Amino acid sequence: MNLNLSRKVKIAIGVVVISSLAATATLYAASLPNKYPLAPINEPEFYGSPTSSIASAVALPASSATFSTSGTTPAVINKEGKTVYERYGDTEAQGTSILQNIEKQLKEQGLSLKDVIYLRVYVAPDAAKGGKFDFDGWFKAYAKYFNTKTNPTKTARSTVGVAGLVSSDWLIEIEAVAAYPSQHNQD
């Protein structure tokens, strides 16, 4: 009987401790102000450091419609080229080619690169770089189209090094998400 009573006491103490921790956490969270108030917004809002070339986050209005591309790959420069670089170019050239292709896809939807809110980028190892990822080549391609005087948009972005892409000639593949402008700005 003592064992049963001891077990019940331990359970009761455990319940009290867990309940008080949950209550303390709830009170603490309620006392903190929101860093970003959940006020309605009319256009995408980009967050992050002014000195960074990318946004750390993007908030969209609740009624936003988006357009997403599948993984977009580079265009062939020279079908008869003997090397990857002759056929498709290096990472920077391939990234530039892909962004031009995405720009065309966006234009068909009434959008532009200014409407892009997020990029997911896959970079494969480059044999000419000792089998390393040429992230700098990608960053140079990005810098031609984003965070510029003509397009000040700084997208949220993920850049991921992968073992390979569908074609061994491809050094980069990009997915894009763009937000359609709100109705009040189209009038």
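Visitor: Which residue with a positive phi follows α3?

Guide: G110 follows α3, and its phi is positive, near 80 degrees. Helices (H or I, at least four residues) and strands (E, at least two) are DSSP runs, numbered from the N terminus. This is a predicted model, where local features need pLDDT of at least 70 and side-chain atom pairs count only at pLDDT 80 or more, while totals for chains, interfaces and linings use all residues. Residues are numbered from 1 along each chain as its sequence is written, and side-chain values use heavy atoms, leaving out hydrogens and water.

Visitor: What span should the 18 residues of helix α3 have?

Guide: The expected span of a helix is 1.5 Å times one less than its number of residues. Helix α3 covers residues 91-108 and should span 26 Å. Its end C-alpha atoms are 26 Å apart, which agrees.

Visitor: Which residues of α3 are buried?

Guide: Buried means under 20% relative accessible area, exposed over 50%, partly exposed in between (1.4 Å probe, protein chains only). In α3 the buried residues are T91, Q94, G95, T96, S97, I98, L99, I102 and L106.

Visitor: What do the buried residues of α3 pack against?

Guide: Contact means heavy atoms within 4.5 Å. The partners of the buried α3 residues include β3, α2 (84-87), β4 (116-123) and β8 (172-179). β5 (125-126) and α4 are also among them.

Visitor: How many aromatic pairs does the structure hold?

Guide: Rings of Phe, Tyr and Trp (its six-membered ring) pair if their centres lie within 6.5 Å; planes under 30 degrees apart count as stacked, over 60 as edge-to-face and the rest as tilted. The structure holds four such pairs. One of them joins W138 and Y142: 5.8 Å centre to centre, 65 degrees between the planes, edge-to-face.

Visitor: Where in helix α4 do W138 and Y142 stand relative to each other?

Guide: An α-helix has 3.6 residues a turn, so residues three or four places apart point the same way. W138 and Y142 are four residues apart in helix α4 (residues 135-145), so about one helical turn separates them. W138 is buried, at 0% relative accessible area. Y142 is buried too, at 1%. The ring of Y142 also pairs with that of F146: the centres are 5.0 Å apart and the planes at 20 degrees, so this pair is stacked. F146 is buried at 1% relative accessibility.

Visitor: Which charged end sits over the ring of Y142?

Guide: A charge sits over a ring if NZ of Lys or CZ of Arg is within 6 Å of the ring centre and within 35 degrees of the ring normal. Here the charged end belongs to R157, 4.4 Å from the centre of the Y142 ring. Elsewhere, F133, F135 and F139 form one aromatic cluster.

Visitor: Is N151 buried or exposed?

Guide: N151 is buried, with a relative accessible area of 4%. This residue lies in the loop between α4 and β7 (156-161). Leaving aside residues up to four places away in sequence, N151 touches L113, K114, Y145 and F146.

Visitor: Is A62 buried or exposed?

Guide: A62 is exposed, at 87% relative accessible area. Its loop runs between β2 (57-59) and β3 (66-68). A62 and I41 are 21 residues apart in sequence, and their C-alpha atoms are 8.1 Å apart in space.

Visitor: How many helices and strands does the protein chain have?

Guide: The chain has four helices and eight strands. Along the sequence they follow α-β-β-β-α-α-β-β-β-α-β-β. Of the 187 residues, 31% are buried.
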